[in-house]
Each structure stands twice: as C-alpha cells, then as structure tokens.
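Here are my notes on this one, jotted down while going through it. Have a look at the structure first, then read on.

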Amino acid sequence: MKAKRVSAVARKEFLHVLRDWRSLGIGIAIPLVMLFLFGYALTLDVDRVPLVVWDQSQTPASRTFIGGFSASRYFQLVGEAGGYGEIERAIEARRAVIALVVPVDFARGVASGRGSSVQAIIDGSDSNVASYALGYAEGVTRSYSNQVTLDSMRRGGLPQPAAGLDLEPRVWFNSDMESRNYIFPGLIAVVMMVIAALLTSLTVAREWEVGTMEQLIATPVTRGELILGKLIPYFCIGMLDLLLAILVGEFVFDIPMRGQLWLIFASCSVFLAGALSLGMLISIVTKSQFLSSQIALVATMLPAFLLSGFVFPIANMPYPIQLFTHVITARYFVTLLRGIYLKGLGLRLLVGEALFLLAFAALVLTLAHHKLRKKIE
Amino acid sequence: MNGANATTTGESPEAQVSLHELTRRFGDFTAVDRVTLDVARGEIFGFLGPNGAGKSTTIRMLCGILPPSSGSGTVAGYDIATQSEQIKNQIGYMSQKFSLYEELTVEENIDFYSGIYRIPAGKKAERKEWVIEMAGLAEQRGTRAQALSGGWKQRLALGCAVLHEPPIVFLDEPTSGVDPISRRSFWELIYRLSGEGVTIFVTTHYMEEAECCDRLGFIFGGELIALGTPAELKAGFPGQIVEIGCERPFELLQRVESLPGVKSSALFGAGLHLAVENAEQTIAAIGRELPDLDLRMERITPSLEDLFVSFMQAQGRAASS
C-alpha cells in the first residue's frame, strides 16, 4: 500500500464530488433535507387533538368541565356543535377527532351527587391518535370528577378523605417524553446509513461505465489502494454530515446531548467505514451505477427505517424478525447514538454494539477487496 | 527499468512482446485463435484487422487485464498469465475510448496518473511539462477534459499513458474518430517515442497508418493471417493488381467479378482494384468484353489495402466453402 497512490485516488475522487452537483446533493443536501423533514414531521406525540363540544347543559358546571379540556395542551377546542349532525360532519370533514356531548342534566347530576355521563365520540380511523385522545380525555374527566368529590365533601363539612396511593413518576433521560428526542439520534443513524451506501455505490460502477476502470486496472495501482483512496473522500463527507446533524440537533431541535462528543464521532467513524464499504461492495459487484444505487437504496433504506428500532420498537416485532434485526448494522448505531445522546453512556456499556460495527466494517471491506478484480471478466 | 529482465517463455530473447499460440475464448466464441508473434525493442508493431477481429482482446491480454484461455505470452519478460501485476509497471496502455476523467482538468488528469505511477517528486514537474508540451496543451492546462476536442483528448491520453516512461506502450485504436491532421501529429509522437527506444504495439484499421509501422500483423476472425514488414507483405502479394478508373464503378464491379483470372475485387476511391493472376491478360479481356466502356486500366503495385482486401476475401471464401 503506497501513500502516494492512495492520495492520488482520494484527490481525484474529491474533485469528482466537488465538480458533480449530483454527488454533492446526495452527500450534503439530501441528509439535511431528511433531518429537517423527519425532525419536524416524524413525531409520535399526539397533542392539540381537535375537539368539538355539544354542550346541552350550558351551565357554569359544564363550562368548567369543558374548560378543563381547552386548558389542556392535548386538546384544542375547534368549535361548538348544536347536534349530532354537526358532530358527524365535523368528524367526517376531519375538522375534529373527538367530540364531547354534555347532557342537559349535567349540572343537576353533578350537584346532586348522582353523577352524570358525558359522551365522547372519537374518530377511530387513526387508532394511534384515537387511543391517545381517549386516554387524555379520561384523564381530564377523572381530575374534574375528583375535584367535584373534594368540593362536595368540603361543603358537607366532611373530613378530607384519607390519602390514597399516589404514583410519583420520574422520567429519566427524556423527562419531557418528547418523541423527537428519542427519534432524532436514531434519525442520524438512518440518514448516515442510506447516504453512505448510496454515495459509494456509484464510484466503482461509474468508472466501469465510463471506461476509466479499464485504464486503471492496467496500472500498478493495487486493489487496496483503490478502495482506500475511494473511501477517504466519502468518509470525510460522512463526518461532515454527522457534524451538521449534531448542529441541527443542538440549534434547531434542542435535542439534549448528554454524552461525550468524541464518542459519537468515534462510533460514527466505525459505522461509516462499514456503510461506505457496503456501498463500495455493491458497486464492485454490479458494475452498473443504476443497479448499484437501487440495490444500495433497498439494502439500506428499508432495514434502517423499519428494523433498526429507530421508530418501531424491536421488542414489539414477531420473534423471527427480532432475530433478523441483529444483522442490521443501523440497529447498533441507533442504540449507540441514543445511549450516548440521551443517557450519556460511556463506551463500557456500549462496547458490544461498537464491536459489532467494527466486525461488520472489517467483513464488508474484506469482501469488497476480494471482489474487486484488476481483470475484465 | 528498461527490460533488463530475462525472458522466460518468449520465442526470442530480444523480444519485448512475445506471444505463443495465444488463445482467448468467450464461451463458444474464439476471439483470439492461437496467435504467435514477437515484437522487438523499439519496434512499431501495427496490429491490423477489421472490427471484431480480436485486436482489442489481444491487447487486453498483453496488458494483463484479461487472462488468456490457452497459449502463453510475455511482456517485458513477464508472463501475462502469472505476472500480470509486474507487467503493469512496464507498460503504458491507452484503451479504445480515451479514458480520461472528464470532470478533471488537463493538469489534474496528469497529476492523477503521476500519483498512480508514483513519479518521484523531483521528476514530477518535468514529466508534466513534457506531456503538456508533447500534446500541445499549454493553453489548455486548466481546461476540463470534457471540453477538449478529440485530437487533444487523444494526445493527453497518450501523455498520461507514457508519463512514467514505460518501455512498452499498447495503443488500442488510438486514432479512431480523430481528424486526419490530429492523426498525423499523433503519429509524429509515436515516432518520437519509438526513436527513444520505446516499443509500440498499436492497433488500427487505417491503411495509411499501417504503412507507418515497422512491422504488421493482420488478424482476421481471431487468426493471425499475415506477418511481416509492409514491404515484405507487398512483395509476397500473390498476383497482380489492376486499377480501373471509370464512371460507375459499382455497376462495373458486378460485371468484372466473374471474369476468369479475377481473384478479388473492391471499390477503391473513384474506381476499382482487381486482384488478378496476370494483369496484361485481364486488361485485354476486359477490353474485349466491355468495348463500349471507356475505361482507364493500369497495372499498379499492390498497396496494403489491396493486400488487406484480398486477405479478407480469401478468408471469407474459405469460411463459406
């Protein structure tokens, strides 16, 4: 391995990227677009659920009850309805997801201690949102109902009821339970995986297609020099992407960073080596830019999105698929990034993941070296 | 580094390139069929043949990028089957497409190959200037290769291929698609390299280029069918050539083909060339058969093209019978 030849290849490849707006687009623009797009759009939090109310009671009591909903960050009162027809239309037109029907005898029922039933109608077509909305609605109703009980006891001169059980939750690592905090570190891993493989998937195939490869294999350059030289520029782009992603996380999305930065960069460089080599291997085997980029996309995008645990928890998957996720490299990087980002874990607790990434990189690199032939087949 | 290496399997110890029964098959198709030849140091060896005859396949085997199916060969004393990586240090190769990096400038292309061939730092600038001067690219240093015309690209590609002063250069149809003036200046470069002792193995299908070579090999259907200097080949031409100048050569072609003693015939410029056994007899016969036509007929010495055409027609007849 001669440094001079490696650097000649690396320099040439750098120039290609700088002069070719498509490579630059794939390398810099697409990752940023993905980060912003998913960072903003991909949230699992359900809040400001649109709500309409049919208040048949029209009493101070019913208004207090409804006030509990409109004061909550989980609901947004979008209108009053005057009957079931209006409720139906509002839900059909998707102006509202949930509708409350407060009965005529609400105030009387509450005051007499008989209690009352409030009807909630929910659009179940999005089951996720519906179940969250139902849970929130129950919570608001329960706290109103507790308040009513306490008030009536106080008015009746009864002693405060004995203290019941009280759950004191302490949420660690993501105390606001912002799903973005959880998603963003994983998003970095997914973006890096896709971009890295896509970038290198073009390099060797392009040289075969243009005909420069035939020239190159008739020179003394070795396979290792060629692969290493070609990896270096894309490695730099990958690291630049990581830096941009961290900055976006810090300044745009306010993602807390509890771990050590160097650990993120170190684990990313191991991960990148594997992902870049994977793209290179695909490029070497297919010798066609089109085929290579398609395969790279399918081989990285789907597993990274679906099976890395980035959005969909691996623990909820059927057991055979859970087993399969063990060979998805993005899975380990997602775990690493989340661990470092949110929990501030050190290498000691993440060494398993790091070792797997290292082994994967070594394996794919060896395969790429093995498959690259300085011959016309 | 000029080929002090002992020849191991070659025919002649002087030979820089030596092939023995070299064969390459692709499935059922035999692209190169038992080709045996030697090329001496400093020689310009022209490899001639129509498209698909096996010229490029042969060159690729010699450059060590295509393994032979059988037979053997050495380049600079190294075996093409087992020592292909050593060969790559000794050769310059210019493949059929001028394989430059289109997005890179003239200088960046040179710098790239300079790094690949590990030209020492002290020599790098001098070699770069040599290439730029040789290719006449002083004005285009910073121009991207994609903006260069065909002739310039071709000279730059040659420059990149000989940057490291290899003792042997393989050029695969270096002048295809290049205008005649550029072609001429390209051949001046080839002479210059040859004068410096570089062995040149060049494929072409231009006959005027073939005339410029020290020795020629004709390849057809994968087989080497003639080998020698241009003068030897012409002297060995079986028969004589009659040139006919006429108005409508295509019509005439069909009428004279069937005459006795005509071995092959071909359109040639504004007339016909006939390969015949005896020129005087044929001229007399045509005069008798076609007295109505005002034909200018003359016996000429065969050109390489006549030779090539008659070889190909003879092979074609042999194949169809």
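This is a predicted model: local features need pLDDT of at least 70, side-chain atom pairs count only at pLDDT 80 or more; totals for chains, interfaces and linings use all residues.

1. On the chain A side 22 residues are in contact, and they meet 21 residues of chain B. Two helices of chain A, α1 (3–19) and α8 (212–217), each put at least two residues into the side that touches chain B. The largest share of that side comes from α1(A), with eight residues.

2. What is that side of chain A made of? By class, there are nine charged residues, seven nonpolar and six polar on the side touching chain B.

3. With 16 residues at 1.5 Å a residue, α6 of chain B should span 22 Å, and its end C-alpha atoms are 23 Å apart, so the two agree.

4. Which residues of α6(B) are buried? They are B:Arg183, B:Ile190 and B:Leu193. Looking down the axis of α6(B), these buried residues fall within an arc of 75 degrees, which means they line one face of the helix. The cover over them includes three strands of chain B: β3 (44–48), β7 (168–172) and β8 (199–204).

5. The face of α6(B) pointing away from the buried side carries the exposed residues B:Ile181, B:Glu188, B:Tyr191, B:Arg192 and B:Gly195.

Methods: Residues are numbered from 1 along each chain as its sequence is written. Chains are lettered from A and ligands numbered from 1 in the order in which they are written. Two residues are in contact if their C-beta atoms, placed from the backbone, lie within 7 Å. Helices (H or I, at least four residues) and strands (E, at least two) are DSSP runs, numbered from the N terminus. Ala, Val, Leu, Ile, Met, Phe, Trp, Tyr, Cys and Pro count as nonpolar, Asp, Glu, Lys and Arg as charged, and the others, Gly among them, as polar. The expected span of a helix is 1.5 Å times one less than its number of residues. A residue is buried if 20 or more other C-beta atoms lie within 10 Å of its own, exposed if 12 or fewer, and partly exposed in between; C-beta atoms are placed from the backbone. The arc is that of the directions from the helix axis to the C-beta atoms.
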